[in-house]
Amino acid sequence: MENNSDIVFVLHGLNDSLTNRQVYFTFALMTYLFTILVNLTLVVTVCVQETLHEPIYIFLCNLSLNGICGASSFYPKLLHDLLAERHVITYNGCLAQLFVIYSYVFCEFTSLTVMAYDRYVAICRPLQYRAVMTTQKVSQLLLLTWSFSLLEAAGGVILTSRLPLCGRHVHKIFCTNWEVVKLSCTDTTLNNIYGFVLTFSHLSQTGLILVSYAHLVRASLRSRSDRRKFVQTCLPHLVTLLVFTASLLFDIMFSRYGGGGGGALQALRDALAAEFLVVPPLVNPIIYGINLQQIRSKIFPNFTKSHT
């Protein structure tokens with residue numbers, strides 16, 4: 001059994017011909033650049049427009065920055081491997097990718113929970129909104145979001161790094177915690193417990209958000225302005241949450257219980273497993289940018305004026 005730091009993992013899934021991989025490279029590069037563009041556009045727009053210095057837009061900025069982190073944990077390595085003959089990653093590189101990916105995942109869940117809280121206060125307690133969502137409160141929520149997310153990710157990586165490994169083949173196009181844990185030579189009960197605790201914790205966050213939405217729907221029926229506020233800010237948030245949760249659950253279930261397979265089936269599984277790293281970072285800013293009139297009017301002022 002060799003020292004873990006000397007291990008070089010072999011990634012599986014990119015077994016198409018070079019011609020096909022060149023097509024995939026072009027598509028992946030365009031998607032990555034577009035993802036960065038739309039997220040940065042939203043962030044810069046909110047930063048330079050003082051009228052958008054409101055809690056909901058600041059939280060949306062945080063969501064976009066986290067999306068950039070998530071996309072950047074996946075695309076650069078994928079783009080390299082699409083043009084490389086050997087698809088490998090060092091042990092330390094794998095742990096680094098794990099840390100960034102899971103920091104993104106946990107931050108996404110916590111950010112969506114914070115945004116749900118903000119919408120709950122805005123719609124259900126509008127008169128107290130300014131007093132509750134102060135600049136200090138927003139800063140504290142952002143600090144807690146990133147602190148907890150980084151600590152959770154670090155805990156998982158530390159638990160994984162202590163395991164001696166007896167294999168080097170990762171049956172994914174990127175590193176995931178469970179794929180590395182499965183290569184361990186020793187008992188992984190502690191890793192399993194930690195994983196289930198985190199899964200339950202963040203699924204509970206999803207449940208909490210859905211419960212808050214039941215109150216938001218009831219409250220939004222009171223007036224036309226509340227209904228408009230719900231449609232503009234809450235529906236995109238709900239779509240974002242459901243897309244992210246569904247794609248992440250697929251990856252978790254496939255990693256733990258998915259069977260073997262090859263060819264087109266393996267390619268489909270790889271694509272679906274990577275959905276939580278591809279779809280939310282791309283879709284979130286588009287959904288919010290199109291649906292929120294305040295942001296849309298700043299990004300496309302001429303277009304907005306022509307339709308008013």
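Predicted model: local features only at pLDDT ≥ 70, side-chain atom pairs only at ≥ 80, totals over all residues.
1. Helix H8 (residues 189-220) has 32 residues and spans 46 Å from its first C-alpha to its last, close to the 46 Å expected at 1.5 Å a residue. The expected span of a helix is 1.5 Å times one less than its number of residues. Helices (H or I, at least four residues) and strands (E, at least two) are DSSP runs, numbered from the N terminus. The buried residues of H8 include Asn191, Leu198, His202, Gln205, Ile209, Tyr213 and Ser220. Here, buried means under 20% relative accessible area, exposed over 50%, and partly exposed in between (1.4 Å probe, protein chains only).

2. Residues are numbered from 1 along each chain as its sequence is written, and side-chain values use heavy atoms, with hydrogens and water left out.

3. The overall composition is as follows. The protein has 13 helices and three strands. Of its 308 residues, 46% are buried. Among contacts between residues at least 6 apart in sequence, 80% join residues at least 24 apart; contact means heavy atoms within 4.5 Å.

4. Helix H6 (residues 135-161) has 27 residues and reaches 39 Å from its first C-alpha to its last, close to the 39 Å expected at 1.5 Å a residue. Among its buried residues are Val138, Leu141, Thr145, Ser149, Ala153 and Gly156. The cover over the buried residues of H6 includes H2, H4, helix H7 (177-181) and H8.

5. Leaving aside residues up to four places away in sequence, Glu152 touches Phe106, Tyr194, Leu198 and His202.

6. The next points concern helix packing. Two packed helices are described by the angle between their axes and the distance between the axes. Axes are lines fitted to C-alpha atoms, for helices over the stretch in contact, and angles run from 0 to 180 degrees between N-to-C directions. Angles under 35 degrees count as roughly parallel, over 145 as roughly antiparallel, 65 to 115 as roughly perpendicular and the rest as oblique. A crossing is left-handed if the near helix is turned anticlockwise from the far one by less than a right angle, and right-handed if clockwise.

7. The axes of helix H2 (residues 55-72) and helix H6 come within 11 Å and cross at roughly 20°. H2 is therefore roughly parallel to H6, and passes H6 in a right-handed crossing. The contact is formed by Pro55, Ile58, Phe59, Asn62 and Asn66 of H2 with Val138, Leu141, Leu142, Thr145 and Trp146 of H6.

8. H2 also packs with H4, at an angle of about 165° and with the axes 9 Å apart. The two helices are therefore roughly antiparallel to each other, and H2 passes H4 in a left-handed crossing. The residues in contact include Pro55, Phe59, Asn62 and Asn66 of H2, and Val100, Tyr104, Cys107 and Ser111 of H4.

9. H4 and H8 have axes that come within 10 Å and cross at roughly 20°, so H4 and H8 are roughly parallel to each other. Their crossing is left-handed. Among the residues that meet are Phe106, Phe109, Thr113 and Tyr120 in H4, and Leu198, His202, Gln205 and Ile209 in H8.

10. Aromatic rings form a further topic. Rings of Phe, Tyr and Trp (its six-membered ring) pair if their centres lie within 6.5 Å; planes under 30 degrees apart count as stacked, over 60 as edge-to-face and the rest as tilted. By this rule there are six aromatic pairs. The rings of Phe9 and Tyr91 have centres 6.1 Å apart and planes at 40°, so the pair is tilted. The pair links distant parts of the chain, with Phe9 in strand S1 (residues 8-11) and Tyr91 in helix H4 (residues 91-124), 82 residues apart. Phe9 and Tyr91 are both buried. Ring pairs also link Tyr32, Phe74, Tyr75, Phe174 and Phe276 into a cluster.

11. Two residues conclude the note. Ile7, in the segment before S1, is buried, with a relative accessible area of 2%. Phe27, in helix H1 (residues 18-48), counts as exposed at 61% relative accessibility.
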